[in-house]
Amino acid sequence: NSGSGTESGESGRTLRANVSQEIGTIDPAKGTDYVQSMALINMYDSLVFPTGSGSIEPNLATDWSISDDTRTYTFELREDAVFHSGNDVTAEDVKFSFERLIDIGQGFSSDFTGILDTENITAEDDYTVSFELNEPFSPFLAIMVLVQIVDKELIMNNLAEGEYGDRGDYGQDFINENDAGSGAYELQNFTPGSGITFTRFPDAYHEFPDDGFDTVSVKIITENSTVQSQMRSGDLDMTGQYQSSETYQAIEKMDGARVVRKPEFGLLYMKINTQKPPCDDVKFREAMAWGFDYEQVVNDIVPNKQPAQGPIAPKWEVHDPD
């Protein structure tokens with residue numbers, strides 16, 4: 001649909017979308033799943049960002065260098081980036097953001113375990129920050145995508161009591177109701193069980209397309225029937241990849257609507273508690289694997305999927321086809 005409607009309190013061009021699960025947190029030190037990531041990459045910036053083809057491009061960092069022993073990464077920051085508070089984005093904010101992620105120990109912090117210690121992060125000057133790794137780690141530049149930079153001054157001014165010394169609770173209470181980012185959009189309102197709304201940040205360094213959205217309103221809608229009715233009435237412009245096949249078939253028949261299908265490099269997993277009987281028995285788990293009706297899943301339950309060929313998606317073409 002057109003995505004041009006407006007709701008009360010909104011102005012300009014509005015995108016109205018839905019997700020099918022609770023967002024839970026908008027703390028960049030904690031968020032990991034797809035709905036949290038949707039929120040975080042709109043409100044926050046990382047040093048680098050992936051392109052559609054998977055390469056890494058500058059974001060808050062304009063340039064970077066790697067030492068000959070591949071242990072030290074040095075990033076030069078853009079000097080025109082400001083947080084939604086109006087504070088400049090500096091190397092000290094970058095250092096603080098990584099310290100906060102690693103100290104809290106949630107979210108994507110495990111990616112840095114044993115690789116990077118907080119004392120080896122240095123703000124060389126206002127717009128230069130370096131990371132000295134404990135050992136060479138080839139995916140380091142890629143995992144920098146996962147760390148959103150937060151406004152140190154704003155967080156330090158909004159601390160509650162906590163376990164992190166003079167950093168209190170690291171602003172965890174504050175940041176789950178407010179945003180401390182420099183992203184293209186700033187938080188308008190957030191209700192974990194209901195949805196989230198962003199508005200365009202007027203001082204963002206990001207280049208918006210001419211037809212970019214001024215407001216993005218994302219509602220949590222779990223019922224397929226509600227998605228269909230709101231798409232049909234024009235109250236919803238976009239939905240995601242976790243609807244039923246019947247919903248997509250219904251949307252395709254609606255005027256002004258389309259369904260886009262793109263292959264993904266991912267798998268859907270069904271998790272098993274291997275600590276409880278009978279699933280603690282490897283033979284039982286093998287029997288489950290043999291008895292599972294994969295064809296029914298990819299033909300009837302989630303059409304247009306492929307059967308798994310192991311723990312890595314077949315699209316990577318690293319599996320034995322036999």
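Here is a walk through this structure, from its overall layout to its helices, charge pairs and surface patches.

Keep in mind that this is a predicted model, in which local features need pLDDT of at least 70, side-chain atom pairs count only at pLDDT 80 or more, and totals for chains, interfaces and linings use all residues. Residues are numbered from 1 along each chain as its sequence is written, and side-chain values use heavy atoms, with hydrogens and water left out.

Let's begin with the whole chain. Its C-alpha trace spans about 60 × 55 × 40 Å along its principal axes. You'll find nine helices and ten strands in it; these are DSSP runs, numbered from the N terminus, with helices being H or I and at least four residues, and strands being E and at least two. Of the 322 residues, 40% count as buried. Buried means under 20% relative accessible area, exposed means over 50%, and partly exposed is in between (1.4 Å probe, protein chains only). The areas themselves come from the Shrake-Rupley method with a 1.4 Å probe, and for residues only the protein chains shown count as cover.

Now find helix H2, residues 91–104. This helix has 14 residues and reaches 20 Å from its first C-alpha to its last, close to the 20 Å expected at 1.5 Å a residue (the expected span is 1.5 Å times one less than the number of residues). Eleven of the 14 residues are buried, so H2 is largely enclosed by the rest of the structure. Among those buried residues are Val94, Phe96, Phe98 and Leu101, but also Lys95 and Glu99.

Those last two are worth a stop. Glu99 forms a salt bridge with Lys95, and their closest N and O atoms are 2.9 Å apart. A salt bridge here is a side-chain nitrogen of Lys or Arg within 4 Å of a carboxyl oxygen of Asp or Glu. Both residues sit in H2, four residues apart, which is about one turn of the helix. An α-helix has 3.6 residues a turn, so residues three or four places apart point the same way. Glu99 counts as buried at 8% relative accessibility, and Lys95 is buried too, at 17%. Arg167 joins in as well: Lys95, Glu99 and Arg167 are linked in a network of salt bridges.

The structure holds ten salt bridges, so let's visit a couple of others. In helix H8, Glu286 and Lys283 lie three residues apart, again about one turn, and their side chains meet at 3.8 Å, N to O. Glu286 is partly exposed at 39%, whereas Lys283 is exposed at 56%. Arg78 and Asp80 make another salt bridge, at 2.7 Å, N to O. Here Arg78 is partly exposed at 21%, and so is Asp80, at 42%.

Finally, look at the surface. Asp63, Glu76, Glu79, Asp88, Glu124, Asp125 and Asp126 gather in a patch of negative charge. Patches use residues with over 30% relative accessible area and no salt bridge, joining like charges within 9 Å and nonpolar side chains (Val, Leu, Ile, Met, Phe, Trp, Tyr) within 5 Å. Lys and Arg count as positive and Asp and Glu as negative, while His and the chain ends are not counted. A charge is placed at NZ of Lys, CZ of Arg, CG of Asp or CD of Glu. Phe265 sits in the loop between helix H7 (245–252) and helix H8 (282–291).
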